[in-house]
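User: I would like a close look at one part of this protein, namely the surroundings of a single aromatic side chain. Please then connect that part to the rest of the chain.

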Amino acid sequence: MRIFSIVFLAALALAGCAPAPIIGADGKPVQQLYRIGPGETAEIQYRMLDAVNALRAANGAPALQLDSSLNAAAATHSRDMSVQNRPWHFGSDGSSPLERVARAGYDGRFLGENISETYETEIETLAAWMENPNTRNVILDSKAREMGFSFFQEPHGKIWWTLVTGTPEAPADVITGSRPAQG
């Protein structure tokens with residue numbers, strides 16, 4: 001319940017950034033298409049970063065910084081999930097999140113990845129991630145220092161979200177991009 005309250009307060013604080021919801025006859029918000037306009041990527045990324053950092057502060061975790069390499073890995077995976085038409089952590093080429101962040105030039109250590117397929121805003125998506133222990137752990141991991149966040153919106157409005165976390169510590173082993181021989 002505490003997590004929900006924190007997410008609610010973070011969403012409320014950021015509500016000035018989004019249009020007021022339309023309330024239906026049942027008293028609940030009517031689902032609307034969240035259309036992301038051209039040039040809004042940075043605004044959305046920083047809005048998510050602010051919300052994540054508010055949640056982390058409330059839980060005693062240090063603030064994150066956006067990392068351009070992690071943003072690139074998140075954007076690539078969001079688009080690839082759309083192509084595959086399924087939310088999962090492997091790329092259409094079989095790549096893992098660890099391989100994707102290395103390919104994007106991230107020289108730190110990959111820690112976690114959250115993904116979503118939805119019509120909801122980034123803040124609604126964050127609230128859903130906070131309700132699940134596995135995705136909440138990625139967001140609140142106290143070892144994380146950097147974050148990448150991006151999305152791909154299909155023409156009919158479906159949004160594929162990807163959040164990636166890492167730390168600037170050097171990875172334990174170097175990823176060469178090669179795969180071990182199957183035997």
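Analyst: Trp161 is buried, with a relative accessible area of 0%; buried stands for under 20% relative accessible area, exposed for over 50%, and partly exposed for values in between, with a 1.4 Å probe and protein chains only. This is a predicted model, in which local features need pLDDT of at least 70 and side-chain atom pairs count only at pLDDT 80 or more, while totals for chains, interfaces and linings use all residues. Residues are numbered from 1 along each chain as its sequence is written, and side-chain values use heavy atoms, with hydrogens and water left out.

The structure holds 2 aromatic pairs. In one of them, Phe149 and Trp161 are stacked, with 5.4 Å from centre to centre and 10 degrees between the planes. The pair links distant parts of the chain, since Phe149 belongs to strand β3 (residues 146-153) and Trp161 to strand β4 (residues 159-167), 12 residues apart. For the term itself, rings of Phe, Tyr and Trp (its six-membered ring) pair if their centres lie within 6.5 Å; planes under 30 degrees apart count as stacked, over 60 as edge-to-face and the rest as tilted. Phe149 is also buried, with a relative accessible area of 0%. Phe149, Phe151 and Trp161 together form one aromatic cluster.

Charged side chains provide further links. Side chains of opposite charge can pair when their charged atoms come close. The structure holds 7 salt bridges, a salt bridge being a side-chain nitrogen of Lys or Arg within 4 Å of a carboxyl oxygen of Asp or Glu.

One of these salt bridges joins Arg109 and Glu169, at 2.9 Å from N to O. Arg109 lies in strand β2 (residues 109-118) and Glu169 in the segment after β4, so the pair ties together parts that are 60 residues apart in sequence. Arg109 is partly exposed at 25% relative accessibility, and Glu169 is partly exposed with a relative accessible area of 44%. Another network of salt bridges, with shared partners, joins Glu43, Arg47 and Glu122.

Because Arg47 lies in helix α2 (residues 41-58) and Glu122 in helix α5 (residues 122-131), the pair ties together parts that are 75 residues apart in sequence. Both partners are buried: Arg47 has a relative accessible area of 9%, and Glu122 has one of 1%.

A further salt bridge is formed by Arg103 and Asp93 (2.9 Å, N to O). Arg103 is in helix α4 (residues 97-103) and Asp93 in the loop between α3 (68-84) and α4, 10 residues apart. Arg103 counts as exposed, at 56% relative accessibility, whereas Asp93 is partly exposed, at 47%.

These parts belong to a protein with 6 helices and 4 strands, which run α-α-β-α-α-β-α-α-β-β from the N terminus on. Helices (H or I, at least four residues) and strands (E, at least two) are DSSP runs, numbered from the N terminus. Of the 183 residues of the protein, 45% count as buried. Among contacts (heavy atoms within 4.5 Å) with a separation of 6 or more, residues 24 or more positions apart account for 70%.
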